[in-house]
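Subject: Structure handover

Hello,

Here is the structure for you to look at. Please open it first, then read the notes below it.

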Amino acid sequence: MPKATTSTFRTAPTSAASRPKKNGESSSSGAGGAAGGARNHLFDTARFGQHILTNPLVAQGIVDKANLKPTDIVLEVGPGTGNLTVRILAACRKVVAVEMDPRMAAEVQKRVLGKPEQKKLEVMIGDFVKADLPYFDVCISNTPYQISSPLVFKLLSHRPIPRCAVLMFQREFALRLVAPAGTKLWGRLAANVQLYARVEHIMKVGKGNFRPPPQVESSVVRIMPRDPPPPVKFEEFDGLNRVIFSRMNKTVRANFKAKGVAELAERNYKTWCAEQGIIIEDGFDIREKIDNILLEAGYADDRAAKMDVDDLLKLLAAFNVAGM
């Protein structure tokens with residue numbers, strides 16, 4: 001797997017007949033010159049699992065929703081052949097595009113070759129998930145669907161905090177991101193993301209806007225990270241959510257009684273006590289302690305499916321006060 005670098009890729013693409021086969025990460029990336037039919041014969045998109053965005057109105061709509069400023073540096077993930085890239089370049093100071101496929105990277109460069117926009121474009125070739133990201137104000141992505149979750153959390157953990165991200169996802173994933181508490185799609189993903197950002201669904205994108213058409217519908221969401229972020233340790237918040245969302249329609253008390261949960265909680269509590277110099281009394285029962293915390297916090301008989309982010313934070317605080 002190639003390492004992401006900050007060097008600009010300038011190699012011209014070879015012909016389709018002579019191009020060597022390479023393994024690459026699939027990308028539903030933007031493009032401007034897709035051929036007719038179900039396949040893109042120039043780039044063999046079927047082999048790479050790529051779906052080229054061909055509707056210029058959708059591409060421009062995505063850029064417009066980012067509310068770019070002339071001074072912005074934009075991070076684009078999965079630029080493909082540049083259908084989104086050229087529109088972003090027209091509205092900002094610089095674009096840093098991260099692309100896994102060197103063929104696509106070459107095509108992006110080709111789109112701006114000899115134009116003023118060429119100086120505004122920097123291409124990083126490699127795996128976005130493993131890349132060290134530079135400073136950026138806004139992220140725009142026609143996201144490779146298999147990195148949807150890693151991409152979201154990498155953006156939320158990036159510092160300095162970006163102003164916003166406008167991201168294309170598989171529609172089911174997008175709806176799970178924006179789901180409010182108490183709805184069918186509310187869950188651990190929505191809770192974790194909505195703790196650190198405001199998320200809104202801004203556009204549906206049908207299968208017919210891609211070539212080849214994907215098997216699923218797509219949606220565009222806008223993520224606006226909270227700045228400053230809440231003073232909560234993500235590992236603790238996610239750990240709590242992992243327990244109570246494992247069976248969303250069971251009570252919180254029942255989920256903490258699940259196999260292995262009490263044992264893990266006891267190990268963590270004993271570690272904390274050792275660090276604090278606290279002696280654990282004989283006959284200590286972690287299950288009784290957990291039950292008391294849940295009862296005192298008032299969430300023992302609640303269900304995760306109905307608990308919002310504020311409820312989850314209050315429950316986490318109750319555990320923290322008790323040293324858990």
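The axes of helix α7 (residues 188-196) and α12 come within 10 Å and cross at roughly 90°. An axis here is a line fitted to C-alpha atoms, for helices over the stretch in contact, and angles run from 0 to 180 degrees between N-to-C directions. Helices (H or I, at least four residues) and strands (E, at least two) are DSSP runs, numbered from the N terminus. α7 and α12 are therefore roughly perpendicular to each other. Angles of 65 to 115 degrees count as roughly perpendicular, under 35 as roughly parallel, over 145 as roughly antiparallel and the rest as oblique. On the α7 side the contact is made by Ala191, Gln194 and Leu195, and on the α12 side by Val309, Leu312 and Leu313. Contact means heavy atoms within 4.5 Å. By class, this contact of α7 with α12 has 5 nonpolar, 1 polar and no charged residues. Ala, Val, Leu, Ile, Met, Phe, Trp, Tyr, Cys and Pro count as nonpolar, Asp, Glu, Lys and Arg as charged, and the others, Gly among them, as polar.

Some background on the model. This is a predicted model, in which local features need pLDDT of at least 70, side-chain atom pairs count only at pLDDT 80 or more, and totals for chains, interfaces and linings use all residues. Residues are numbered from 1 along each chain as its sequence is written, and side-chain values use heavy atoms, with hydrogens and water left out.

α12 also packs against another helix. The axes of α11 (residues 286-297) and α12 come within 10 Å and cross at roughly 135°. That makes α11 oblique to α12. From α11, Ile290, Ile293, Leu294 and Ala297 meet Leu315, Ala318 and Phe319 in α12. The classes in this contact of α11 with α12 are 7 nonpolar, no polar and no charged residues.

Next, the open space. The largest pocket holds about 610 Å³. Of the 18 residues that line this pocket, the closest to its centre are Glu236, Gly239, Ala265, Asn268 and Met324. α8 (234-244), α10 (261-276) and α12 (309-321) each supply at least two residues of the lining. The lining of the largest pocket has 11 nonpolar, 4 polar and 3 charged residues. On a 1 Å grid over the protein atoms alone, a pocket is an open set of points with protein on both sides within 12 Å along at least five of seven lines, while a cavity is a set where a 1.4 Å probe fits but cannot get out; lining residues have an atom within 4 Å of a point. Grid points are joined across faces, edges and corners, and a volume is the space filled by probe spheres set on the points.

There are 3 cavities of 30 Å³ or more. The second largest cavity has a volume of about 50 Å³. Its lining divides into 9 nonpolar, no polar and no charged residues. α5 gives the most to this lining, with 3 residues.

Last, the backbone. The peptide bond from Arg159 to Pro160 is cis, with omega near 0°, and Pro160 is found in the loop between α5 and β6 (164-170). Another cis peptide bond joins Asp227 and Pro228, with omega about 5°; Pro228 is in the loop between β9 and α8.

Regards
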